Amino acid sequence: MAVAAAGGGGGGGRAQRSGWLEVLVRERWHKVLANLGGEALVLSGEERPDGAAHNGLGGDGATCRGAEGGGGPAAVRTAFTDPPEQVPEAVSNKKRCVKVLKQEMGGLGISIKGGKENKMPILISKIFKGLAADQTQALYVGDAILAVNGTDLRDATHDEAVQALKRAGKEVLLEVKYMREATPYVKKGSPVSEIGWETPPPESPRLGCASADPLSQLSLSIHRDKKTIPLKMCYVTRNMTVSDPENRLIEVHSPDAKHTVVLRSKDSATAQAWFNAIHSSVNELIPRVIAEVRDQLGKAGIAGSREIRHLGWLAEKVPGDNEKHWKPVLVVLTEKDLLIYESMPRMKEAWFSPLHTYPLLATRLVHSGPGKGSPQSGFDLSFATRTGTRQGIETHLFRTETSRDLSLWTRNVVQGCHNSAELITEITTSCTYKSQECRLTIHYEHGFSLTTEPHDGAFSKTIAQYPYEKLKMSSDDGIRMLYLDFGGKDGEIQLDLHSCPKPIVFIIHSFLSAKITRLGLVA
């Protein structure tokens, strides 16, 4: 395994790594040369003796497993998914004109092979489902592109064809002819050419912005049997989707959570070194991502919050008996909430609709460290959160990839709870006390106060006030009753909160914890 510390490749001086790995394609392992720059992982196929070029206009990345975990990405049409026998006979060897309207995201949505230098026509080798070419329902893998908007491509090199397609504008008229006999060439290629990272990757969180050249969204730089995986907001993990008894695998999940590249190293130590390098590159990009998301969202904020304090991928334990069943989730901490997304939001509006929203004020960290019963307790670095909700207590168990990640996340969660307490300062809820409708107010500085509900314009009256130091014990029935024992002649105060008391119980805990930490009474 060769390791180089040279700069370049857009890495901004970050260390690079290069060497041979194996990639899982169609349930088989294939040797690839991996080059890690600061912002991308490049996989290159072994040199082919026949000198065939396998260039593409598609996503400049790689994937081995689609969203369904099957043998190839479900979002791409290739000569394997669309064999020649499925192409209508009436189409074969006849010229056709097909109008394609480029999309703002995804361009034409095709990959091409061939060219004058390969003594082959320009052939469509992949069509990305749902994008412009696929929407015409009139183009096929194996179509030769004879002309683009009147520009003849029959004697064009591959690069000339690429440039013609880039210059074609929004409305593209393709003159094509299906060549059944070219199918073997379209199929041929290194394993790298058969893997895809095919959906337009969110290379910048500013995903609502149009590029001056829409095709650039799919990265049009041409490489020979080479796939580039932009690392921004990828999830790099181990032991997630593929069994790894030898501890030699590395998984790279796409930001949209649809694709996964599985890499295998020669031994466990080398795999760990590769993982550390890729993981570090991804982490170094997070501050930039946060800044870009802030710019994208502007004053609108994120799901009711004003700013992002931290974000990143975690593995979340799926409820059930299967100890190994984890799933990737994107977790975002704002100044007052913990948000969970299934994938990196592509558009601005998606930031406003997380899968789960939990107020940090009603959330607490309840476990941190190696998972119980883990066969590799030193590596299974997990932490759990519990949130008091009106439906009861919701618990989430998360797993980080490194001890540094574990420390960072747990610190951010705890500090987030305390900062939220100081920010929100006070909460009030209606309740019933001794058959009287009242309001319970809990203030970060002043403690507890119980007041009557004002009626007919009258002012509310204070029934009782207690500072935090008077609280001896609190408890609840998990249904609607809250019990607060302040000692003294009144003893325990029983309050009917009309709904599950868990949010209030957790908020009391957060206020107390924040005050104790502020006073320096805990390390």
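How many bridges pair β1 with strand β14 (residues 260–264), and in which sense do the two strands run? The answer is two bridges, in the antiparallel sense. The legends below describe close-up views of a predicted model.

**Figure 1. Overview of the protein chain in the predicted model.** The chain has seven helices and 28 strands. Of its 523 residues, 54% count as buried. Contacts with a separation of 6 or more were considered; residues 24 or more positions apart account for 61% of them. The chain exposes about 23,700 Å². Carbon and sulfur atoms supply 50% of that area.

**Figure 2. Strand β1 and its two partners, β2 and β14.** Strand β1 spans residues 17–25 and is mostly covered. Seven of its nine residues are buried. Nine bridges join β1 to strand β2 (residues 28–36), and this pair runs antiparallel. L21 stands opposite V32 in β2. The hairpin of β1 and β2 has two residues between the strands. There, R26 takes a positive phi near 50°. β1 also pairs with strand β14 (residues 260–264), again antiparallel, over two bridges. V23 stands opposite L263 in β14.

**Figure 3. The edge-to-face pair of Y140 and Y178.** The structure holds eight aromatic pairs. In the one formed by Y140 and Y178, the ring centres are 6.4 Å apart, with 70° between the planes. Y140 lies in the loop between α1 (132–136) and β8 (143–148), and Y178 in strand β10 (residues 171–178), so the pair ties together parts that are 38 residues apart in sequence. Both Y140 and Y178 are buried.

**Figure 4. The stacked pair of Y466 and F486.** Why does this pair count as stacked? The ring centres of Y466 and F486 are 3.9 Å apart and the planes meet at 5°, so the pair is stacked. Distant parts of the chain are linked here. Y466 is in strand β25 (residues 462–466). F486 is in the loop between β27 (481–485) and β28 (492–496). The two residues are 20 apart. Y466 has a relative accessibility of 16%, under the 20% cut-off, so Y466 counts as buried. F486 is buried too, with a relative accessible area of 6%. Y466 and F486 belong to one aromatic cluster with F448 and Y468.

**Figure 5. Charges over aromatic rings: R364 with F506, and K515 with Y444.** The charged end of R364 sits over the ring of F506. The distance to the ring centre is 4.1 Å. K515 lies over the face of Y444, at 5.4 Å from the ring centre.

**Figure 6. Buried leucines in two helices: L285 in α5 and L165 in α2.** Helix α5 covers residues 268–297 and includes L285. At 1% relative accessibility, L285 is buried. L285 and L231 are 54 residues apart along the chain, with 8.2 Å between their C-alpha atoms. Helix α2 covers residues 158–166 and includes L165. L165 is buried, at 0% relative accessibility. Between the C-alpha atoms of L165 and N149 the separation is 9.0 Å; these residues are 16 apart along the chain.

Key
Residues numbered from 1 in each chain as written. Predicted model: local features only at pLDDT ≥ 70, side-chain atom pairs only at ≥ 80, totals over all residues. Heavy atoms only, no water. Phe/Tyr/Trp six-rings, centres within 6.5 Å; stacked < 30°, edge-to-face > 60°. Helix = DSSP H or I, 4+ residues; strand = E, 2+ residues; numbered from the N terminus. Buried < 20%, exposed > 50% of the residue type's maximum accessible area, 1.4 Å probe, protein only. Lys NZ or Arg CZ within 6 Å of the ring centre and 35° of its normal. Pairing = 2+ DSSP bridges. Contact = heavy atoms within 4.5 Å. Areas by Shrake-Rupley, 256 points an atom, 1.4 Å probe, with all protein chains shown as cover.
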